Amino acid sequence: MSEHYSVSQYTTYAQCAHQWRLQRRERAPQRQAAWFEHGKAFHAAIEQYERHGRTLSPETVIGFFEHEYDMGIEAALDKEPEPYMWMAGGRTKPETDIKRRLDVGAQQTRDYIAWAQQSPDRIWTTPDGQAAIELEFRLDLDGVAVVGFIDQIIEHPERGLVVRDLKTGTTRSLFQLATYKIAIEELYGVEVNYGDWYMAKTGGLSEPVDLRYVTRDWLAELYAMLDRGIKNEVFIPNPGSHCFACTVKPSCNYAS
């Protein structure tokens, strides 16, 4: 089997193969951003809340978010001690963004708990007894290895099993949901026809995404193309607006 790939590797390569090379082959220095730690801390806090059957108090879960965020920021500052070198959205200064996201993330955590208490959705339990939260998978697509973690798999009263990704930002990937669908169907022999996103910025779900068109062969061919491109050293730069959030932009000769 080949080296393993992930959804994030596929999307990075598809957007800018040169970025993939700088990150994965050259190990270029990575720019830091408070939004990275915001997202990781939110996911970690919600994981704890769901693993405890939604019984933890909002204060406990928010405290967990704040602890994880502070630890993440501290580790990121060890890598880049000068916040002015960090990425930040719009005209916000990185120092301001670091402080702001602590409050924003805490409120988003509180909003998730309020939403969950009113939601009929429940976390699926896999046939081998695992709660489907941050569920790891390893998939063999005709010799191409794909690995990852699925934020949540939901038992929906009308749609059956639904793959769900938690988003603190705005970027949404249909390819990600498609990969999760095939992974669960392959590993557990169940049917997954829908996916969605929980959008922390709005405190609710996206519209459901119909995944019935997604087939294993379709997904396998896309990952096979990724594998061929990398093995044949095809790393074409693709400068554009996405360069703003590229973590290896300082090492790139083509960034816009």
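## The β2–β3 hairpin

Let's start at a turn: D142 takes a positive phi near 55° in the hairpin of β2 and β3, which has two residues between the strands. Strand β2 covers residues 133-141 and strand β3 residues 144-156; the two run antiparallel and are joined by eight bridges. Pairing here requires at least two DSSP bridges between two strands. L141 stands opposite V144 in β3. Strands are DSSP runs of E with at least two residues, helices are runs of H or I with at least four, and both are numbered from the N terminus.

A word on the model itself: it is predicted, with local features needing pLDDT of at least 70 and side-chain atom pairs counting only at pLDDT 80 or more, while totals for chains, interfaces and linings use all residues. Residues are numbered from 1 along each chain as its sequence is written, and side-chain values use heavy atoms, leaving out hydrogens and water.

Strand β4 (residues 160-167) holds D165. This aspartate counts as buried because its relative accessibility is 4%, the cut-off being under 20% relative accessible area with a 1.4 Å probe and protein chains only. Setting aside residues up to four places away in sequence, D165 touches D151, Q176, L177, Y180, D196, W197 and Y198; contact means heavy atoms within 4.5 Å.

## Helix α2 and its neighbours

In helix α2 (residues 17-25), the buried residues are A17, H18, Q19, W20, L22 and Q23. They pack against α1 (7-15) and α7. Just after α2, R27 takes a positive phi of about 55°.

The axes of α1 and α2 are 5 Å apart, and the helices pack at an angle of about 130°, with axes fitted to C-alpha atoms over the stretch in contact and angles running from 0 to 180 degrees between N-to-C directions. The two are therefore oblique to each other, a class left over once angles under 35 degrees (roughly parallel), over 145 (roughly antiparallel) and 65 to 115 (roughly perpendicular) are taken out. On the α1 side the contact is made by S8, Q9, T12, Y13 and Q15, and on the α2 side by A17, Q19, W20, Q23 and R24.

## Where α6 meets α7

Helix α6 (residues 174-188) and helix α7 (residues 216-231) have axes that come within 10 Å and cross at roughly 120°, which makes α6 oblique to α7. From α6, the contact draws on F175, A178, T179, I182 and E186; from α7, on R216, W218, L219, L222 and Y223.

Conventions: Buried means under 20% relative accessible area, exposed over 50%, partly exposed in between (1.4 Å probe, protein chains only).
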